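Welcome, and thanks for taking a look at this structure.

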Amino acid sequence: MKNNSVETTYIKTPLGTCEISGGKQGITQVAVLDEEIPVSKTIPNSLKQCVTQLQEYFEGSRQIFELKIDLNGTAFQNKVWKSLQEIPYGKTTTYLQQTRLLGDEKAIRAVASANGKNPLWIILPCHRIIGSDGSLTGYAGGLWRKKWLLNHEQGCQQQQLF
């Protein structure tokens, strides 16, 4: 019998409280919250690796997440979310470029909608998708967080040059 129980933990990040959920099948959700929620006193074993990797990301020592994830979306959403993992750390791409990569330029609204429903904040880096004109458009976590994340990644990359 498969154990599908989901556990949740809360950690502090520079951008607010982060809610992490998942279980033996993998991480199902990483979300930033606007409200203050107390940090979890204990972290379930199934979530410890995710917590550690997020802390490393914010410290500037992690650029790639190596986690078992358990996405629960439509086939189209899963395809869009998987494409986010192809965007290198510290780089951006546009919604149009992402749509072309997925093979249907006319699906730009559907792709943008799927990005907006991304269940794994930072892990699937939808913050790296910008408007064709370079603007920071559309981000469920708030544009100020998107700007912070992009600046964080640019700053960490520059520091590594020296």
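What follows is a briefing on strands, helices and a few single residues.

The model shown here is a predicted one. One part to look at is an open sheet of three strands, in the order E1-E2-E3, with antiparallel pairing. Another is the pair of helices H3 (residues 95–102) and H4 (residues 108–116), whose axes come within 9 Å. The points below take these in turn and then visit some individual positions.

**The three-stranded sheet**

- The open sheet runs in the order E1-E2-E3, and its strands pair in the antiparallel sense. Strand E1 (7–13) and strand E3 (26–33) are at the edges with a single partner strand each, so one side of each has no neighbour in the sheet.
- On average, neighbouring strands of this sheet are turned by 20 degrees against each other, direction ignored.
- Helix H1 (residues 45–59) packs on the sheet and touches E1, E2 and E3. The direction of H1 makes about 145 degrees with that of E2.

**How the strands are joined**

- Seven bridges link E1 and E2, which pair in the antiparallel sense. Across this pairing, Lys12 stands opposite Thr17 in E2.
- A hairpin through two residues takes the chain from E1 to E2.
- Strand E2 (residues 16–23) is joined to E3 by seven bridges, and the two run antiparallel. Here Cys18 stands opposite Val32 in E3, while Gly23 has Gly26 of E3 as its bridge partner.
- E2 and E3 also form a hairpin, with two residues between them.
- How much of E3 is covered? Six of its eight residues are buried, which leaves E3 mostly covered.

**Helices H3 and H4**

- The axes of H3 and H4 come within 9 Å and cross at roughly 105 degrees.
- On the H3 side, the contact is made by Tyr95, Leu96, Gln98, Thr99 and Leu102. On the H4 side, Ile108, Val111, Ala112 and Asn115 take part.
- Sorted by type, the residues of the contact of H3 with H4 are six nonpolar, three polar and no charged.

**The buried side of H4**

- Which residues of H4 are buried? They are Val111, Ala114 and Asn115. These residues cover an arc of only 100 degrees around the axis, so they are on the same side of H4.
- The buried residues of H4 pack against helix H2 (75–84), H3 and strand E5 (129–130).

- His152 has its place in helix H5 (residues 143–160). Is His152 buried or exposed? His152 counts as buried because its relative accessibility is 12%, and buried means under 20%.
- Not counting residues up to four places away in sequence, His152 touches Tyr57, Phe58, Gly60 and Tyr89.
- Ile122 is found in the loop between H4 and E5. Ile122 is buried, with a relative accessible area of 2%.
- Most residues other than glycine have a negative phi. Phi of Ile122, however, is near 70 degrees, a positive value in a residue other than glycine.

- Ser5 sits in the segment before E1. With a relative accessible area of 41%, Ser5 is partly exposed.
- Which residues does Ser5 contact, leaving aside its neighbours within four places in sequence? Ser5 is in contact with Gly22 and Gly23.
- Ser5 and Ile20 are 15 residues apart along the chain, and their C-alpha atoms are separated by 14 Å.
- Gly134 lies in the loop between E5 and H5. Gly134 counts as partly exposed, at 44% relative accessibility.
- Gly134 and Gln85 are 49 residues apart along the chain, with 20 Å separating their C-alpha atoms.

Notes
Residues are numbered from 1 along each chain as its sequence is written. This is a predicted model: local features need pLDDT of at least 70, side-chain atom pairs count only at pLDDT 80 or more; totals for chains, interfaces and linings use all residues. Side-chain values use heavy atoms; hydrogens and water are left out. Two strands pair if DSSP finds at least two bridges between them. Helices (H or I, at least four residues) and strands (E, at least two) are DSSP runs, numbered from the N terminus. Axes are lines fitted to C-alpha atoms, for helices over the stretch in contact, and angles run from 0 to 180 degrees between N-to-C directions. Contact means heavy atoms within 4.5 Å. Ala, Val, Leu, Ile, Met, Phe, Trp, Tyr, Cys and Pro count as nonpolar, Asp, Glu, Lys and Arg as charged, and the others, Gly among them, as polar. Buried means under 20% relative accessible area, exposed over 50%, partly exposed in between (1.4 Å probe, protein chains only). The arc is that of the directions from the helix axis to the C-beta atoms.
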